[in-house]
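Dear colleague,

Please find the structure below, together with its sequence.

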Amino acid sequence: MNSSPLTIAGKTFTSRFFLGTGKFKNKKDLSDSIAAGKSELVTVALRRIDLERHEENILEHIPAHVTLLTNTSGARNAQEAVRIARLAKASGCGNWVKIEVINDSKYLLPDNQETIKATEILAAEGFVVLPYMTPDLYTARALVKAGAATVMPLGSLIGSNQGLKTREFIQILINEIDLPIVVDAGIGAPSQAAEAMEMGAAAVLVNTAVATAEDPAGLARAFALAVEAGRLAYLSGLPQQHALAKASSPLTGFLYDTPAN
Amino acid sequence: MTLQQIKNILNDRRPESVEALAQDAAKLTRQQFGRAIGLYGPLYLSNFCSSHCTYCGFNSHHKIQRMKLAPEQYIKEMQYLHAQGIRNILMLTGESYKHTPVSYLKEAAQRASEYFQGISLEVHPMETAEYKELFAAGVDGVTVYQETYDRTRYAQVHLSGFKKDYDFRYATPFRAAEAGIRQISLGVLLGLSDVAHDVFALYQHVRELEKSFPGVEYSVSFPRLRTVKTEALAVCDVDDLRFVKIIALTRLLFPRVGINLSTRESPQLRDHLLEIGITRMSAGSNTSVGGYTLLAENKQDPQFDIKDERSVDEVVKLLKSKNFDPVFTDWRHIENSL
């Protein structure tokens, strides 16, 4: 049903389910999850890539057809994010980068201002920049201006599995921003992924829920199906939800009654 | 959580209470950290010390063989650890400005960055400007234990030397954070004083730091006071049940804070604690200066006696057999500047 492939920076993705690679108990679970979820884009923290140790190198467990999105985990400001992105490129990890600037180790909330700065610098250097952000319309507009390839708002705190706590703000970004909106962080269940897709998100990025599941590959597949279902629902034009029941005998119906003789 | 609440929890010895705490802590640890366990290798650079701390094997009154590694010597030790797979290194010294000044530590850090991606120091407390120099030289982490937060007891066990200054030590992690250090590790030496008080005060220390420097990654350690050359030193016993409770409680109150486990604990206990809340451990540890490549085993005077002597390979095998992912690389060295 992939009637609407997703295009980011000229690259087309048939799957709208992106996967993070942290917290898996072993590399096999990771590669099985990528396969079962049919993910075509995965994000890896440069800090976790051990280029010297072949068998432990996470990159060895990611199939060649999958787009590698290196993230700048550990960066506390724009300058550090820029350095990590450049180092990733120099290490052969390509030029797709997820900007992750976090200066709060308790809540792990992204610093929007620094994210904008890093996006501007790296986009100008030719990186394909997918910035992770706290959903905010002004920030999103600034990211568009700075050259971002997508905007990736968080659904709720990273790793929290709490779903779309920021739903209203994400909806504003979907309505107003012309770039693909990828919901990143906080999605803990396939139903939540479907919800984001029904709202019109371009894709979702999931990590903790899959990595810490009893059967990661099984859950990855469930997420992929939910993402497809949500997308199809969005494309099919979901009937609007109503808070109250619709009265079957409206109060103003008389205005349209044919007058009796 | 109040001091009284911590006391109540630690004094409650019912099996169901410790089990419930452990279950909750385990769940939270998996959610926050998955099954990844960070590994690091300790490298003792020097055991010269100007402080007299009654519980420490390196203290200035012990007649042990004093040694400070020259660059060609520590490079040999670094190469050994690197060959074992270690990518995060913790370099340690005794507390001696004179023998291991900033210039010495800076050079060691610069040399270490040729072999390791993450470099931490556990050395004498320094001034902010000195931490800035070390940060620029590639140091990302600083470990400094207050040992005990009981001032009276602190004075009793830190008899002389630089370490006597409680307040300067307490403010050390703040200075390190100010200088840009990314990872800061705090700890108490369980057994030195009343354990509930020490744990409560450690939590307050972490909270204060989090408020001032939210961007730092914090971790805590709970070494238990052990024998050094079989001499018994603990005044307050922390048995395994209380120890497990402290680990679990720390996780529940600080979901994102790392918890380190040292080789002071037995392999059996270490293996169980991994499930409950531990996120980092040392591997292939040797607590003597030159202990990896330079000294014969019978010539070594360790800082404390270790109970877990498994090699790096053995630790990795164990972690994998228990479905943990051993993480050697958790940082990629970048140019450090503020």
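This is a predicted model: local features need pLDDT of at least 70, side-chain atom pairs count only at pLDDT 80 or more; totals for chains, interfaces and linings use all residues.

Which residue of β5(A) does A:Ala45 stand opposite? The residue is A:Asn71.

Residues are numbered from 1 along each chain as its sequence is written, while chains are lettered from A and ligands numbered from 1 in the order in which they are written.

The sheet of chain A

Chain A has eight helices and 10 strands. Eight strands form an open sheet with parallel pairing, in the order β8-β7-β6-β5-β4-β3-β10-β9 (chain A); two strands pair if DSSP finds at least two bridges between them. β4(A) and β5(A) run parallel and are joined by five bridges. At the edges stand β8 (152-153) and β9 (182-184) of chain A, each with a single partner strand, so one side of each has no neighbour in the sheet.

Helix α1 of chain A

In α1 (residues 27-37) of chain A, the buried residues are A:Asp29, A:Leu30, A:Ser33, A:Ile34 and A:Gly37. A residue is buried if 20 or more other C-beta atoms lie within 10 Å of its own, exposed if 12 or fewer, and partly exposed in between, with C-beta atoms placed from the backbone. Why do these residues lie on the same side of α1(A)? They do so because they cover an arc of only 135 degrees around the axis, the arc being that of the directions from the helix axis to the C-beta atoms. Their cover includes β3 (17-20), β4 (41-45), α7 (208-211) and α8 (216-235) of chain A. Just after α1(A), A:Lys38 takes a positive phi of about 50 degrees.

Of the 261 residues in chain A, 52% are buried.

Where the chains meet

In all, 27 residues of chain B are in contact with 26 residues of chain A, contact meaning that the C-beta atoms, placed from the backbone, lie within 7 Å. On the chain B side, α2 (15-33), β8 (217-221) and β11 (325-327) each give two or more residues, and α2(B) gives the most, with four residues. A:Asp50 is found in the loop between β4 and β5 (67-71) of chain A. A:Asp50 is buried, because 20 other C-beta atoms lie within 10 Å. Leaving aside neighbours within four places in sequence, its contacts are A:Glu56, A:Asn57, B:Arg87, B:Phe328 and B:Thr329.

Confidence

The mean pLDDT (the predictor's confidence in each residue, from 0 to 100) of chain B is 88, and 92% of its residues reach 70 or more. Within chain B, confidence is lowest in strand β2 (residues 52-53), at a mean of 77, and highest in helix α8 (residues 172-178), at 98. For the complex, the predictor gives an ipTM of 0.79 and a pTM of 0.87.

With kind regards

Technical notes
Two residues are in contact if their C-beta atoms, placed from the backbone, lie within 7 Å.
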